[in-house]
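Welcome! Here is a short briefing to read alongside the sequence and the 3D view. Take a moment to look around the structure, then follow the topics one by one.

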Amino acid sequence: MQTQFHGKTIELRQGDITAEQTDAIVNAANSRLAGGGGVDGAIHRRGGLTIMRDTRDRYPAGCPTGSAVISTAGELNAKYVIHAVGPVWHGGGRGESELLRGAFRRSLELAAEHGCRSIAMPALSTGAYGYPMDEAARIALATAAEFLKTHDQPELIRFVLFDGAAYDAFAAALESVRDD
Ligand code: ADP
């Protein structure tokens with residue numbers, strides 16, 4: 001499923017994000033950039049050790065929640081990996097929505113700053129971090145649509161969802177963002 005926004009494309013795809021061939025692939029990282037399970041484990045397994053070496057060298061202090069940093073993509077079919085740190089879900093009263101928006105927004109800014117024409121993003125925070133999928137999908141898509149209002153790049157923002165339930169939640173959210 002895909003929709004045009006201001007001449008650029010937001011697309012949804014079900015699959016494994018490590019198989020993407022976009023200029024940038026976004027990782028669901030933790031604030032220590034220490035590696036973990038889920039998307040992070042898959043990216044480091046498939047991308048090789050250079051990704052972790054590069055992030056350790058460049059960002060020894062890690063990355064704050066609600067932001068992102070950029071590294072080499074190692075052996076992945078991408079130019080960059082962008083390590084985004086979404087919030088842990090605590091019920092919604094600890095600024096989670098703003099932090100999740102920030103993680104997506106900073107990822108898109110880094111992609112634009114590095115001349116990326118395409119970016120693949122996962123459903124940040126919805127795995128181990130427990131963010132409710134429907135709300136996360138709305139924030140992800142609203143942030144992407146908002147970004148495309150004022151930026152020429154990336155021209156393609158692709159959300160890569162691991163399973164059918166995540167895809168359906170993003171499809172419903174994309175409909176409502178489109179109608180706004
Ligand atoms: P977080 O710690 O930010 O919650 P996770 O990596 O645990 O991050 O999960 C984020 C989302 O990514 C979840 O919806 C999970 O199902 C999904 N996911 C896990 N592995 C992959 C993958 N290889 N490609 C795309 N999405 C994935």
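## Spaces, ligand and backbone

A search of the whole structure turns up one cavity of 30 Å³ or more. The model you are looking at is predicted. The points below start with the cavity, then turn to the pocket, the ligand and a few backbone details.

**The cavity**

- The largest cavity holds about 40 Å³ of space.
- Its lining is made up of Asn-27, Ala-29, Leu-33, Ala-34, Gly-35, Asp-40, His-44, Met-52, Thr-55 and His-83.
- Sorted by class, the lining of the largest cavity has four nonpolar, five polar and one charged residues.
- Two helices, α1 and α2 (49–58), each supply at least two residues of the lining of this cavity.

- The largest pocket contains about 590 Å³ of space.
- It is lined by 28 residues, and the closest to its centre are Ala-28, Gly-38, Val-39, Gly-127 and Ala-128.
- By class, this lining has 16 nonpolar, nine polar and three charged residues.
- Both α1 and β7 (156–161) supply at least two residues each to the lining of the largest pocket.
- Which element gives the most to the lining of the largest pocket? That is α1, with four residues.

**The ligand**

- From the side chain of Asp-16, an N or O atom is 2.9 Å from a nitrogen atom of the ligand.
- The backbone takes part too: an N or O atom in the backbone of Ser-125 lies 2.9 Å from an oxygen atom of the ligand.
- For Tyr-129, a backbone N or O atom is 3.0 Å from an oxygen atom of the ligand.
- How much of the accessible area that the ligand has on its own does the protein cover? The protein covers 88% of those 570 Å².

**Backbone details to look for**

- As background, most residues other than glycine have a negative phi, and most peptide bonds are trans.
- Ser-125, whose backbone was mentioned with the ligand, has a positive phi near 75 degrees and is not a glycine.
- You can find Ser-125 in the loop between β6 (118–121) and α4.
- His-6 is a residue other than glycine with a positive phi as well, near 50 degrees.
- The loop between β1 (2–5) and β2 (8–14) is the place of His-6.
- Where is the cis peptide bond that joins Gln-153 to its partner? It joins Gln-153 and Pro-154, with omega at about -5 degrees.
- Pro-154 itself lies in the loop between α4 (133–150) and β7.

Terms used
Residues numbered from 1 in each chain as written. Predicted model: local features only at pLDDT ≥ 70, side-chain atom pairs only at ≥ 80, totals over all residues. Heavy atoms only, no water. Polar contact = N/O pair within 3.5 Å; in protein donor to acceptor, adjacent residues only side chain to side chain. Areas by Shrake-Rupley, 256 points an atom, 1.4 Å probe, with all protein chains shown as cover. 1 Å grid on protein atoms, 1.4 Å probe; cavity = no way out; pocket = protein on both sides within 12 Å on 5 of 7 lines; lining within 4 Å. Points joined across faces, edges and corners; volume = space filled by probe spheres on them. Nonpolar A, V, L, I, M, F, W, Y, C, P; charged D, E, K, R; others polar.
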